[in-house]
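This report describes selected side-chain contacts, surface patches and backbone features of one protein model. The sequence and structure come next, followed by the description.

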Amino acid sequence: MRSIWNGAISFGLVSIPIKLVNATESHSISFRQIHTEDGGRIRYRKFCELEDREVTQGEIGKGYEDADGSIIPITDEDLSSLPIPTAKTIEIVAFVPADRIDPLQMDAAYYLQASGAPAAKPYTLLREALKRSNKVAIAKFALRGRERLGMLRVVGEAIAMHGLLWPDEVRAPEGVAPDTNVTVRDQELDLADALMDTLGEVDLEDLHDEYREAVEEVIAAKAAGEAPPQAPEPAAGGKVLDLMAALENSVRAARESRGEEAGEHAEVKSLPQRKTTRAAPKQTGGKKSASTAKKTAAKKTTASAKKSTAKSGQGTKKTASKSTAKKTTAKKSTSRKRPA
């Protein structure tokens, strides 16, 4: 990997020569600007305002525009000789637990590569010290014309550095959260928990950029003179009026996508309050079933005798049919008197 910065890590009185290399790479598809009428490339040319002519890259330098509009030239030599210790040094200033770092501060990631054989021993020492302490190092360094904050941590057998935004560069979340009072019920939280459990975890290695793949398919189709693939019609969406129903449907859909039985409703049964609500209909259904059984017993004497005998626990299948008929007749008589 090509280094983008050479310097050293300052670890107390220990100096570790290192090279800074990018730890990430972009796989996004880039496009060129073209003239839509004939497909010609659109290019930008750099002109000098005073001479009104195009200049080459070698003739271009840096300049700071003052408040009055005047330009103050700044050379690379001016920046390389800045009177700060971090001009060519990653200066470690503290060691803190990793959870002290707000993810909002995380910026670009780099690998710190040991530069030469003499750097191997102190590099390994710092790496092992970070491992044993379960901490990360906070450092200051200068890159691309400004001093930056960084976090050093161990990745495999290497030391990585994440650029960090300065605390005053992170905005406070004022006015972002809803400003209305919202009450979330326990049943809704239970269903949200059930949905989270059903979705479970994911191996990040299994995730991929579907948008980039779709763009590549469009490019390949047009290059072959074919019609590009059409996007499927989006599902008709509506305003969610019932949050509980939406959560239940989400859990059901997640279970089905995982190959679980669609008929199971574990997310609802797992809610204590919803269990109580569903218990009443089951009892009511039981009474109706029992009443229906009695009416059926009146019409079908023999079948009723068997059911009645099984529910009361009196007698067995071997009971004589005559004795059963008498008991059934008595029950039938009692059942007719109850409505009056």
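## Salt bridges

Arg127, Glu128, Lys131 and Glu157 are joined in a network of salt bridges, a salt bridge being a side-chain nitrogen of Lys or Arg within 4 Å of a carboxyl oxygen of Asp or Glu. The model is a predicted one, in which local features need pLDDT of at least 70, side-chain atom pairs count only at pLDDT 80 or more, and totals for chains, interfaces and linings use all residues. Residues are numbered from 1 along each chain as its sequence is written, and side-chain values use heavy atoms, with hydrogens and water left out.

Arginine 127 counts as buried, at 12% relative accessibility, while glutamate 128 is partly exposed at 35%. Here buried means under 20% relative accessible area, exposed means over 50%, and partly exposed is in between, with a 1.4 Å probe and protein chains only.

The structure holds eleven salt bridges. Three of them are listed below.

| Pair | N to O distance |
|---|---|
| Arginine 53 and glutamate 51 | 2.4 Å |
| Lysine 62 and aspartate 76 | 2.8 Å |

Helices (H or I, at least four residues) and strands (E, at least two) are DSSP runs, numbered from the N terminus. Arginine 53, from the pair with glutamate 51, is partly exposed at 34% relative accessibility.

## The aromatic pair

How many aromatic pairs does the structure hold? There is one aromatic pair. The ring centres of phenylalanine 11 and phenylalanine 95 are 5.8 Å apart and the planes stand at 65 degrees, so the pair is edge-to-face. Rings of Phe, Tyr and Trp (its six-membered ring) pair if their centres lie within 6.5 Å; planes under 30 degrees apart count as stacked, over 60 as edge-to-face and the rest as tilted. Phenylalanine 11 is in strand β1 (residues 3-11) and phenylalanine 95 is in strand β7 (residues 89-97), so the pair ties together parts that are 84 residues apart in sequence. Phenylalanine 11 is partly exposed at 23% relative accessibility, and phenylalanine 95 is partly exposed at 34%.

## Surface patches

Patches are made of residues with over 30% relative accessible area and no salt bridge; like charges are joined within 9 Å, and nonpolar side chains (Val, Leu, Ile, Met, Phe, Trp, Tyr) within 5 Å. Accessible areas come from the Shrake-Rupley method with a 1.4 Å probe, and for residues only the protein chains shown count as cover. Lys and Arg count as positive and Asp and Glu as negative, while His and the chain ends are not counted. The place of a charge is taken as NZ of Lys, CZ of Arg, CG of Asp or CD of Glu.

Arg32, Arg41, Arg43 and Arg45 form a positive surface patch. Of these, arginine 45 sits in the loop between β2 (14-22) and β3 (47-48) and is exposed, with a relative accessible area of 60%.

A patch of negative charge on the surface gathers Asp209, Glu210, Glu213 and Glu217. Aspartate 209 is placed in the loop between α3 (186-199) and α4 (210-223), and its relative accessible area of 37% makes aspartate 209 partly exposed.

Val182, Val184 and Leu189 make a nonpolar surface patch of about 270 Å². Leucine 189 lies in helix α3 and is partly exposed, with a relative accessible area of 43%.

## Backbone features

Aspartate 52 is a residue other than glycine with a positive phi, near 55 degrees. Aspartate 52 lies in the loop between β3 and β4 (53-54) and is exposed at 62% relative accessible area.

Asparagine 134 is not a glycine either, and has a positive phi of about 55 degrees. Asparagine 134 is in the loop between α2 (120-133) and β9 (135-143), where its relative accessible area is 63%, which counts as exposed.

Arginine 2 is in the segment before β1 and is exposed, with a relative accessible area of 68%. Arginine 2 and asparagine 22 are 20 residues apart in sequence and 8.1 Å apart in space, C-alpha to C-alpha.
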